[in-house]
Amino acid sequence: MSTDADDFAQDAVDAAEIAAAKHPSDHPIYRATPQEGLARFFAKYAVFHGRASRSEFWWAWALNIVVFFVAGIGVEMATSLAGPHEPRPTPGSTVIGVVFLLYALAVLVPSVAVLVRRLHDANLSGWWWLLTLVPFAGPVIGVIFGILPKQGYGKRFDRG
């Protein structure tokens, strides 16, 4: 005899199996929704094998850009609310800056991982991500990598 708790647990297991079958871990989710793209971004925190679609890549980048702008606006607001004779940086802007730094450190590894998987989908070695470290040109190179079309030969980076 099964209880409601057992049924609920089995439903959760079934849902996870269906989701895994629908989107195998190494295969990209083409036309991913924001929820799917960001869930994959955080779920595959340090996974450097497999592939990521353009939508997975751009949803992760969009999140990081939004957080960057919100933090910048927050620092400016905290600084402008302080009087003209207050020492800079203000305590409020320091707190916002530290929180943003912690966020940036937390998403550093998954950001590199999603870029490497995006390169795999374009049938390029993940080591090409190092070009994004080139001063001034790095962000432009990252955008170019993000818009590269998928290549069928990128399947060679999938496991299993």
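Predicted model: local features only at pLDDT ≥ 70, side-chain atom pairs only at ≥ 80, totals over all residues.
User: Let's start with helix 2. At what angle does helix 2 pack on helix 4?

Analyst: Helix 2, residues 34–43, and helix 4, residues 91–121, pack at an angle of about 110 degrees. Their axes are 9 Å apart.

User: What does that make helix 2 relative to helix 4, and why?

Analyst: Roughly perpendicular to helix 4, because angles from 65 to 115 degrees count as roughly perpendicular.

User: Is the crossing left-handed or right-handed?

Analyst: Helix 2 passes helix 4 in a right-handed crossing.

User: Which residues make the contact?

Analyst: From helix 2, R40, F41 and F42. From helix 4, V107, P110, S111, V114 and R117.

User: How many of those are nonpolar, polar and charged?

Analyst: The contact of helix 2 with helix 4 has five nonpolar residues, one polar and two charged.

User: And helix 2 against helix 3, how do their axes cross?

Analyst: At roughly 85 degrees, with the axes coming within 8 Å.

User: What about helix 3 and helix 5, at what angle do they pack?

Analyst: About 145 degrees, with their axes 9 Å apart. R54, F57 and W58 in helix 3 meet G142, V143, G146 and I147 in helix 5. Four residues of that contact are nonpolar, two are polar and one is charged.

User: Switching topic: what is the volume of the largest pocket?

Analyst: About 580 Å³.

User: Which residues are closest to its centre?

Analyst: W61, N64, V107, L108 and S111, out of the 17 residues that line the largest pocket. Of these, N64 also belongs to the contact of helix 3 with helix 2, while V107 and S111 belong to the contact of helix 4 with helix 2.

User: Which elements give two or more residues to the lining?

Analyst: Helix 3 (54–81), helix 4 and helix 5 (138–147). The largest share, eight residues, comes from helix 4.

User: How does the lining split by class?

Analyst: The lining has 13 nonpolar residues, four polar and no charged ones.

User: Last topic, the backbone. Which peptide bond is cis?

Analyst: The one from R88 to P89, with omega near -5 degrees. P89 is in the loop between helix 3 and helix 4.

User: And which residue has a positive phi although not a glycine?

Analyst: R31, at about 60 degrees. R31 sits in the loop between helix 1 (4–22) and helix 2.

User: Why point these two out?

Analyst: Because most residues other than glycine have a negative phi, and most peptide bonds are trans.

Technical notes:
Residues numbered from 1 in each chain as written. Heavy atoms only, no water. Axes fitted to C-alpha atoms, helices over the stretch in contact; angles between N-to-C directions. Helix = DSSP H or I, 4+ residues; strand = E, 2+ residues; numbered from the N terminus. Parallel < 35°, antiparallel > 145°, perpendicular 65-115°, else oblique. Left-handed = near helix turned anticlockwise from the far one by under 90°. Contact = heavy atoms within 4.5 Å. Nonpolar A, V, L, I, M, F, W, Y, C, P; charged D, E, K, R; others polar. 1 Å grid on protein atoms, 1.4 Å probe; cavity = no way out; pocket = protein on both sides within 12 Å on 5 of 7 lines; lining within 4 Å. Points joined across faces, edges and corners; volume = space filled by probe spheres on them.
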